[in-house]
Amino acid sequence: MIELKAGNFTLPVMRLLGTDLDGLGEELAAKVEAGAGFFQHAPVVIDLSSLPEDSGEVPFPLLVGLMRGHGMIPVGVRGGNPAQHEAAAAMELAVLADPRRSQSRPRTVPRSVPPAATHTGPGRLLTHPIRSGQRVYARGGDLVVMAAVSSGAEILADGHIHVYAPLRGRALAGVKGDATARIFCRDLQAELVSVAGYYRISENIGADLRGRAVQVFLEGRELRMQTL
Amino acid sequence: MARIIVVTSGKGGVGKTTTSASIAMGLARRGHRTAVIDFDVGLRNLDLVMGCERRVVYDFVNVINQEANLNQALIRDKREDNLFILPASQTRDKEALTKEGVGRVLDELAQSFDYVVCDSPAGIEHGATMAMYYADDAIVVTNPEVSSVRDSDRMLGILASKSRRAERGDEPIREYLLLSRYSPERVARGEMLSVDDVKDILALDLLGVIPESQSVLSASNAGVPVILDEASDAGRAYADLVGRYLGEDLPHRFLEAQKKGLLSRLFGG
Ligand SMILES: Nc1ncnc2c1ncn2[C@@H]1O[C@H](COP(=O)(O)OP(=O)(O)OP(=O)(O)O)[C@@H](O)[C@H]1O
Ligand SMILES: [Mg+2]
């Protein structure tokens, strides 16, 4: 039925220069526009070798979401360190060998990713507000927030996210690629919601959902939002 | 042991110095030995609002650098024996405030005072982080505008993580919201956020609402903390606020637009 053979392909490479993705959306839009269709459904490799040594973790879920949103198909990473490879693999990106770097530079100890709470139990419960500029990650489980998540704040979980107060910031569930993860919130005013890298920004969230109790989940490759 | 209060904000010009001066004066008048420190190194102006600018010999940085001792640098208020001002230097740069040096001065003040009020510069630069680091209580001054509220939210996040209390895992800094330059008329016209809007966004205890008032400018031009102007709305609002800080249950005033009579409407009263 099948035959396995080696093949050579030339793929576009997107070199990542920093991990702050704030302006990336616009930059991608400009590049894609300039490429006039070239990037539509194009497999793209993410090159990590130009990232500064001390740059933090790469927000792959967001990055992959952004790239998909612009019609690219991110297929793998090149360069980078083991921690980054692990994070990339979690998003089902292949780690491609880099021929130029077989003699790799001395590896720094992989920085343990997001600073806040590491957690392995059933989930993480927060009762205080998450303020603009703060970032909370529930590793390996769900995140339950009993207070408001401010605009400019970011909450992430490997599992589900529940917010029992206004959600005004960004919420990313299933950040390691769990497509069954969901976001539940009592009052949706989010700047961005994402499940397993599929995201939607506030501009694309219908007015009928704003201020309502909503759940966000993946159905196939489509992010769905429903009132509860 | 003194309680250390930082008066802080994300955005500049929202009323921190005005507030620091009035709170310090209010606490002192109620019999608490109080010191107020100007952390705005390079932009001296607490001494002007307190009306002691002509009596400055040594300043905060001199004390940090051990070029003067605290007793030499503290200026006793002429109106209130319980109140002392530690002015900022106009000439040094902000890096002069070291964590170790600030800690030493605050420790020494804490021995003999009940309250130490720290007038912070705006934002999250060095001077501001030094002013908040040792705080027990934080008063976050906010104007009823979206950008000011957003910045306050950010300050609250930083307060929760970048303080001695946070680093030691002690009980967190107590946070209070002060809404300043509030104009009920402009709120009614939809030009400003209302008290409820701001409370809703920041989810914080409201310590007080200070109305926008001409008396603030006149008072600070005269070197008088506005809390001493008992005829003015702003002065009375600050007096209430001090009472609330000390645990009194006082209703918020000056939240509604004044119904103007025909005469005052005609003559713009
Ligand atoms: N309630 C008020 N009504 C009217 N004017 C006010 C009020 N509060 C403060 N002001 C005015 O606003 C200006 C800034 O006040 P102030 O110096 O207290 O702010 P600040 O937050 O300390 O500023 P900075 O960030 O520069 O240190 C001053 O001119 C002051 O007189
Ligand atoms: Mg000031």
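Which residue just after α11(B) takes a positive phi? That is B:G223, with a phi of about 70°. Keep in mind that this is a predicted model.

Helix α11 of chain B runs over residues 214-221, and its buried residues are B:S215, B:V216 and B:A219. They cover an arc of only 105° around the axis, so they sit on the same side of α11(B). On the other side of α11(B), B:Q214 and B:N221 are exposed. As for what covers the buried residues, that includes α1 (16-29) and α12 (233-245) of chain B.

Over all chains, the count comes to 22. One of them joins A:R131 to B:D153, with the closest N and O atoms 3.1 Å apart. This pair crosses between chains: A:R131 is in the loop between β5 (123-126) and β6 (135-138) of chain A, while B:D153 is in helix α7 (residues 146-161) of chain B. A:R131 has a relative accessibility of 4%, so it counts as buried. B:D153 is buried as well, with a relative accessible area of 2%.

Within chain A, A:E219 forms a salt bridge with A:R224, the closest N and O atoms being 3.2 Å apart. A:E219 is at 44% relative accessibility and therefore counts as partly exposed. A:R224, at 28%, also counts as partly exposed.

Some salt bridges in chain A form a network, and the residues linked in it are A:E57, A:R135, A:E154 and A:R170.

Last item, a glycine in chain A. Where does A:G79 lie? It is in the loop between β3 (73-78) and α3 (82-90) of chain A. Why does A:G79 count as buried? Its relative accessibility is 7%, and the cut-off for buried is under 20%. A:G79 and A:L48 are 31 residues apart in sequence, yet 5.0 Å apart in space, C-alpha to C-alpha.

That's what I have. Questions are welcome.

Conventions:
Residues are numbered from 1 along each chain as its sequence is written. Chains are lettered from A and ligands numbered from 1 in the order in which they are written. This is a predicted model: local features need pLDDT of at least 70, side-chain atom pairs count only at pLDDT 80 or more; totals for chains, interfaces and linings use all residues. Side-chain values use heavy atoms; hydrogens and water are left out. Buried means under 20% relative accessible area, exposed over 50%, partly exposed in between (1.4 Å probe, protein chains only). Helices (H or I, at least four residues) and strands (E, at least two) are DSSP runs, numbered from the N terminus. The arc is that of the directions from the helix axis to the C-beta atoms. Contact means heavy atoms within 4.5 Å. A salt bridge is a side-chain nitrogen of Lys or Arg within 4 Å of a carboxyl oxygen of Asp or Glu.
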